[in-house]
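Please consult the sequence and the structure below alongside the text.

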Amino acid sequence: MEEVNFENRIHIDRIREASSAIQKAMSKVLVGQTETVELMLAAMLSRGHLLLEGVPGVAKTLSAKGLARTIDIGFSRIQFTPDLMPSDVMGTNVFNPISTQFEFRPGPIFSHIVLIDEINRAPAKTQSALFEVMEERRITVDRHSHELKAPFMVIATQNPVEHEGTYRLPEAQLDRFAFKLVVDYPNLNEEIEILERHQGGLSMHRLIEQIDKVISADELETLMQVVSEVKIERKLLAYIAQLVQRTRQHRSLLLGASPRASVTLLNTAKAMAALQGRDFVIPDDIIRVSIPALRHRITLHAEKEMEGQLPEDIIRDILQELEIPR
């Protein structure tokens with residue numbers, strides 16, 4: 001008889017409790033973004049980074065700040081601009097006349113949750129500075145490496161419709177984001193609720209500072225470790241591999257998903273299972289994370305884009321074609 005790990009069961013329950021408390025706290029400032037918040041939590045618990053895309057004014061920055069406020073953890077915000085240099089983000093060596101030595105002064109990237117606003121406004125030189133830190137959680141300055149403290153997460157925002165003064169993110173950088181979440185306009189009832197809150201004199205940016213801390217950095221690290229131990233059967237690993245392989249063979253796609261995408265699907269499906277109170281993955285967990293995990297990792301042929309096809313359409317088609325493991 002297989003031994004039951006009761007301690008792991010307790011921590012799974014704590015993930016659900018923490019998730020519920022975080023969503024309740026964030027609902028004070030966000031209206032109608034329950035699914036977005038849950039996917040943000042899945043990315044965070046799987047040690048992934050997030051790309052939030054949406055037009056101005058749909059609360060992308062507010063979502064990131066709200067999530068950070070619920071955790072007793074370091075937070076910094078960087079506004080990307082065309083004149084931003086890598087040293088403005090990473091830090092630089094400064095000469096100390098007293099010690100007659102160069103000392104490293106960390107930049108704003110040295111935090112636990114880092115919000116990068118309008119990430120596509122910085123040029124390639126600054127964009128490339130993020131490659132190492134997002135993948136290896138460290139930076140190298142003047143041949144010296146500096147480790148970042150865990151947990152570490154980048155949440156970036158970008159506007160999909162404004163192209164003047166912007167730079168397209170390279171595929172290598174997009175591949176480092178676990179999820180790309182598209183934040184859409186609110187529906188009619190949600191917009192009425194937003195207006196009612198403002199009519200009542202509520203300032204969202206003041207209210208966000210009143211959000212209670214739900215968990216500590218140490219507890220978050222513990223919950224991340226529990227998520228990594230969630231079980232997944234081999235037939236579900238094969239399902240993930242087949243899904244990713246199909247993107248490389250699809251006639252509508254110029255570029256399919258990478259092996260990093262497979263690992264992302266694995267890790268975020270585990271997180272999704274834990275958020276549902278399970279210590280094992282089911283096919284629905286993989287299906288739920290497939291679009292946010294793959295939509296930014298595949299590239300359509302130009303003629304398919306002109307026909308109005310979207311990456312999400314291709315992913316849905318592949319999921320319908322694949323046999324779901326039983």
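Helices (H or I, at least four residues) and strands (E, at least two) are DSSP runs, numbered from the N terminus. The model described here is predicted. Its largest pocket has a volume of about 1100 Å³, and the second largest pocket holds about 840 Å³ of space. There is also 1 cavity of 30 Å³ or more.

**Largest pocket**

- With a volume of about 1100 Å³, the largest pocket is lined by 43 residues, and those closest to its centre are Q33, V58, A59, V183 and D184.
- Seven named elements supply at least two lining residues each: the helices α2 (34-45), α3 (60-69), α7 (188-199), α8 (204-207) and α12 (283-294), together with the strands β9 (153-158) and β10 (179-182).
- Helix α7 provides the largest share of this lining, with 6 residues.
- Sorted by class, the lining of the largest pocket comprises 20 nonpolar, 13 charged and 10 polar residues.

**Second largest pocket**

- Around the second largest pocket there are 32 lining residues, and E53, Q158, R168, L174 and K180 lie nearest its centre.
- At least two lining residues come from each of β1 (50-53), α6 (171-174), β10, β13 (299-300) and α14 (311-321).
- The lining of the second largest pocket divides into 12 nonpolar, 10 polar and 10 charged residues.

- The largest cavity has a volume of about 60 Å³.
- Its lining consists of I15, A18, S19, I22, L41, M44, L45, I215, L220, L223 and L275.
- Two or more of these residues are given by each of α1 (6-26), α2 and α9 (217-228), and α1 gives the most, with 4 residues.
- By class, the lining of the largest cavity has 10 nonpolar residues, 1 polar residue and no charged residues.

**Parallel sheet**

- Five strands form an open sheet in the order β3-β6-β9-β1-β10, and their pairing is parallel.
- The edge strands, β3 (75-79) and β10, each pair on one side only.
- From one strand to the next, the twist averages 20°.
- Strands β1 and β10 are joined by 4 bridges in the parallel sense, and L52 stands opposite L181 in β10.

**Helix pair α10 and α11**

- Two packed helices are described by the angle between their axes and the distance between the axes.
- For helix α10 (residues 234-249) and helix α11 (residues 259-275), the angle is about 145° and the axes are 10 Å apart.
- The crossing of α10 and α11 is right-handed.
- Helix α10 makes the contact through L237, I240, L243, V244 and R248, and helix α11 through P259, S262, L265 and L266.
- In this contact of α10 with α11, 7 residues are nonpolar, 1 is polar and 1 is charged.

How values were computed. Residues are numbered from 1 along each chain as its sequence is written. This is a predicted model: local features need pLDDT of at least 70, side-chain atom pairs count only at pLDDT 80 or more; totals for chains, interfaces and linings use all residues. Side-chain values use heavy atoms; hydrogens and water are left out. On a 1 Å grid over the protein atoms alone, a cavity is a set of points where a 1.4 Å probe fits but cannot get out, and a pocket is an open set with protein on both sides within 12 Å along at least five of seven lines; lining residues have an atom within 4 Å of a point. Grid points are joined across faces, edges and corners, and a volume is the space filled by probe spheres set on the points. Ala, Val, Leu, Ile, Met, Phe, Trp, Tyr, Cys and Pro count as nonpolar, Asp, Glu, Lys and Arg as charged, and the others, Gly among them, as polar. Axes are lines fitted to C-alpha atoms, for helices over the stretch in contact, and angles run from 0 to 180 degrees between N-to-C directions. A crossing is left-handed if the near helix is turned anticlockwise from the far one by less than a right angle, and right-handed if clockwise. Contact means heavy atoms within 4.5 Å. Two strands pair if DSSP finds at least two bridges between them.
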